[in-house]
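Have a look at the sequence and the model, then read on.

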Amino acid sequence: MQIRFELEQINRILKDVKNIFVQESIPVSLIRTKMGTKQEAEDSHAVWTEFENGGQWGGYDKHQQFAFEVVIPDEWKENEAAVFISTGGQEGWDIQNPQFLCTVDGEKKQGVDVNHRVIRLEQKPGQKASVWLMGHSGFKDEKSMFYVSLQRRDLLAEKFYYHAYVPFRTALLLPESSMERRQIMEVLKKVVSVLDLRDMSSMAFRESMEEACRLLEESFYREIPESDDQRPTVTGIGHTHIDIAWMWDVAQTREKVVRSVSTVLQYMDRYPDYTFMMSQPQLYEFVKEEAPELYEKIKERIKKNPALLRCARK
């Protein structure tokens, strides 16, 4: 009974912290749109028209472009700003959901889908960012929403949440009687005891989150000494398997791999320890043809880490 109460307490705290990820949200007021891919729009002489934020778009296997600008408010701190994209879908298989390739100030930034809806902005307060999205509606014969906002996000809250969420979920998967589960729970109980939960908008709470993050890092994310053979080192390596042609055509595969690679390269810039493998040589060929600048970035990454992406290296 005590363990169940502790699990519920930790889960409740994690939910409360997740709810403060977004400190401020500003809907984008002016969005322009154009039907078709770049080539299709050029061939059909399509023109940019105004799109109402939160409006409907898409249909079965449709392309649509969206463009807008945001200015980071002067009072926001550096690295807090992000663009948030929503199409109304919260979960499901990506073949059924809209996906986008996001370009910021002319540079391919990342893919956007139900699992990647936040676009981090590197612009400083007072600066402007020009965002362009190439959208593919998916393979459902229905319309989707397109809503976009500029968000001020709490990076410390996100750091604490994910640092605690991973061991918490691990504990739930372990047998209740296991020593490893008990050890994880002991640390998480200490973490909870550190938090000053009287007012989650206070400086005291933020300082307690910083202390909790240090405790989590020391307990779960530090380098394990070789002499400590009782604690395994768990290594997670990202991987994507994109079928060349299965539930979609080859043209969509070319788009999907560019979206995926742009996201991966962004993660590598943000997290130096992030490792990723893509084991299909044909996909590298598609990236080389569709986005040569991303292909060059892949080559640079391989030079820095020969083990990276080695399955398809030429």
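In which helix does Leu-188 lie? Leu-188 belongs to helix 4, which covers residues 179-194. Helices here are DSSP runs of H or I with at least four residues, strands are runs of E with at least two, and both are numbered from the N terminus.

## Before going further

This is a predicted model: local features need pLDDT of at least 70, side-chain atom pairs count only at pLDDT 80 or more, and totals for chains, interfaces and linings use all residues. Residues are numbered from 1 along each chain as its sequence is written, and side-chain values use heavy atoms, with hydrogens and water left out.

## The overall picture

The protein has eight helices and 13 strands. Its C-alpha trace spans about 65 × 45 × 35 Å along the principal axes. Of the 314 residues, 44% are buried; that word means under 20% relative accessible area, while exposed means over 50% and partly exposed is in between (1.4 Å probe, protein chains only).

What about contacts, meaning heavy atoms within 4.5 Å? Among those with a separation of 6 or more, 74% join residues 24 or more positions apart.

## Around Leu-188

Setting aside neighbours within four places in sequence, Leu-188 touches Ile-10, Ala-164, Pro-167, Phe-168, Leu-216 and Phe-220. Trp-246 is another story: 58 residues from Leu-188 in sequence, and 44 Å away in space, C-alpha to C-alpha.

## A loop between two helices

Ala-291 sits in the loop between helix 7 (281-290) and helix 8 (292-304). With a relative accessible area of 0%, Ala-291 is buried. Its contacts, again leaving out neighbours within four places in sequence, are Lys-108, Val-258 and Phe-286. From Ala-291 to Met-277 there are 14 residues in sequence and 18 Å in space, C-alpha to C-alpha.

## A nonpolar patch outside

On the surface, Tyr-162, Tyr-165, Val-166 and Tyr-221 make up a nonpolar patch with about 380 Å² of accessible area together. Such a patch takes residues with over 30% relative accessible area and no salt bridge, joining nonpolar side chains (Val, Leu, Ile, Met, Phe, Trp, Tyr) within 5 Å; a salt bridge is a side-chain nitrogen of Lys or Arg within 4 Å of a carboxyl oxygen of Asp or Glu. Accessible areas come from the Shrake-Rupley method with a 1.4 Å probe, and for residues only the protein chains shown count as cover.

Helix 3 (residues 155-173) gives the largest share of the patch, three residues. Val-166 is in helix 3, and Val-166 is partly exposed, with a relative accessible area of 45%.

Definitions and conventions. Patches are made of residues with over 30% relative accessible area and no salt bridge: like charges are joined within 9 Å, nonpolar side chains (Val, Leu, Ile, Met, Phe, Trp, Tyr) within 5 Å. Contact means heavy atoms within 4.5 Å.
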